[in-house]
Amino acid sequence: MRNLIIFFRRYFNFFLFVLLEVICLVLVFQHNNFQRTAYLSSANDISGKLYDKYNNVQYYFHLKSTNDSLVNENMRLHNALRSSYDSMITTNGIKVDTVRQYSDDTAHKVIGTQIRRYEYFSAKVINNSINKPVNYITIHRGSLQGIRPNMGVISSSGVVGVVRSVSDNYAVVLSMLSKSNSVSISARLGQGKEMGSVHWDGEDAGYALLKDVPKSAKIHKGDTVVTSGFSALFPENIPIGYVESIAIGDKASTSFTIRLKLATNFFNLQYVYVIENLLKDEQQRLEDSTYKLIK
């Protein structure tokens, strides 16, 4: 206590000066409009900048939850797309997970039902290779979350690959960046609709080759190449890449080989969407039974 008293006695003049200075400033700002306006403007500017910095820091620490919410919202929108449903005429009553179509007249009769064909699941990428002859991606979602082998995988930009193996909570995806005969994406040109197949040549993780496109096709640099929908893995019109250059090859060939810039950035892959074709088994059984009859 004695030291505190000595401290205040030693700096009494300084504290008195500060007190009188504060009183003077208060009186000036209270009784002069110009000074008060200038003070409030400066104070608001400073506090605004401080709040902005604080919000930026707070936003940075909430990026994970923000990304997760955006991915879940994208998954919901994918599931709501019209391309996720098949239109079918039916009189067999209500089907599970369908959208019913009604006539526009006053009778408002049921004229058809759209049956869900595709369902999307979001997943976090936890491992990704891009510099090997055959590349794999590990995702944090497995059989307990509805993932099975031979499901298509896409990103928010385009095609990624195919699920190959699954555990309870993880799955391994065979990347599109694989020099393997099992990774061939059925594709078509977005403009001319000509068909072909996309393969990776093992050279650059940003590019792939579109083969077997007929020479009659009109192709321009920058044209979009999308999934054909003929595969049971991917819906149609999912971006695969964009035409970078065209190789004519030998004169005897009847098709082009096109170099594509891939739509998916495999260098910065963080989230993907796994696609379940709910009608795949039915399609597969019918095709298998037909092939057996032919043989």
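**Entry 1: Arg-188 and its strand**

I began with Arg-188 and looked up its bridge partner in strand S10, which is Met-195. I note here that the model is a predicted one. Strand S10 covers residues 195-199, and four bridges join it to S9 in an antiparallel arrangement. I then asked which residue is the bridge partner of Arg-188 in S12. I found that partner to be Val-226. Strand S12 spans residues 224-227 and pairs with S9 over three bridges, again in the antiparallel sense.

I next looked at the hairpin of S9 and S10, where five residues stand between the strands. Within this hairpin I recorded a positive phi near 75° for Lys-193. How many of the five residues of S9 are buried? I read four of them, in a strand that runs over residues 185-189, so S9 is largely enclosed by the rest of the structure.

**Entry 2: The salt bridges**

I looked up the salt bridges and found two in the structure. In one of them, the side chains of Arg-148 and Glu-276 meet at 3.0 Å, taken from N to O. I traced where the two residues lie: Arg-148 is in the loop between strand S5 (134-139) and strand S6 (152-154), while Glu-276 belongs to strand S15, residues 271-277. The pair thus links distant parts of the chain, 128 residues apart.

Arg-148 has 41% relative accessibility and counts as partly exposed. For Glu-276 I noted a relative accessible area of 13%; the residue is buried, because the limit for that class is under 20%.

I then turned to the salt bridge of Arg-259 with Asp-201, whose closest N and O atoms are 3.8 Å apart. I located Arg-259 in strand S14 (residues 255-262) and Asp-201 in the loop between S10 and strand S11 (207-214), so this pair ties together parts that are 58 residues apart in sequence. Is Asp-201 buried or exposed? I read a relative accessible area of 17%, and Asp-201 is buried. Arg-259 is partly exposed, at 23%.

**Entry 3: Ser-129**

I moved to Ser-129, which I found in the loop between strand S4 (118-128) and S5. Its relative accessible area is 15%, and Ser-129 is buried. Which residues are in contact with Ser-129, once its neighbours within four places in sequence are left aside? I recorded Asn-135 and Tyr-136.

I examined each of these in turn. The side chains of Ser-129 and Asn-135 are joined by a polar contact of 3.2 Å. With Tyr-136, a polar atom of the Ser-129 side chain lies 3.0 Å from the backbone nitrogen of Tyr-136.

**Entry 4: The nonpolar surface patch**

Last, I looked for nonpolar residues on the surface. I found a patch whose members include Met-1, Leu-4, Phe-8, Tyr-11, Phe-17 and Val-26, and the whole patch has about 1,200 Å² of accessible area. Which elements give two or more residues to it? I identified helix H1 (2-10) and helix H2 (12-31). H2 provides the largest share of the patch, with six residues.

I took Leu-4 as an example from this patch. Leu-4 is found in helix H1. I noted that Leu-4 has a relative accessible area of 43% and is partly exposed.

Conventions
Residues numbered from 1 in each chain as written. Predicted model: local features only at pLDDT ≥ 70, side-chain atom pairs only at ≥ 80, totals over all residues. Heavy atoms only, no water. Buried < 20%, exposed > 50% of the residue type's maximum accessible area, 1.4 Å probe, protein only. Pairing = 2+ DSSP bridges. Patch = residues over 30% accessible without salt bridge, like charges linked within 9 Å, V, L, I, M, F, W, Y side chains within 5 Å. Areas by Shrake-Rupley, 256 points an atom, 1.4 Å probe, with all protein chains shown as cover. Salt bridge = Lys/Arg side-chain N within 4 Å of Asp/Glu carboxyl O. Polar contact = N/O pair within 3.5 Å; in protein donor to acceptor, adjacent residues only side chain to side chain. Contact = heavy atoms within 4.5 Å.
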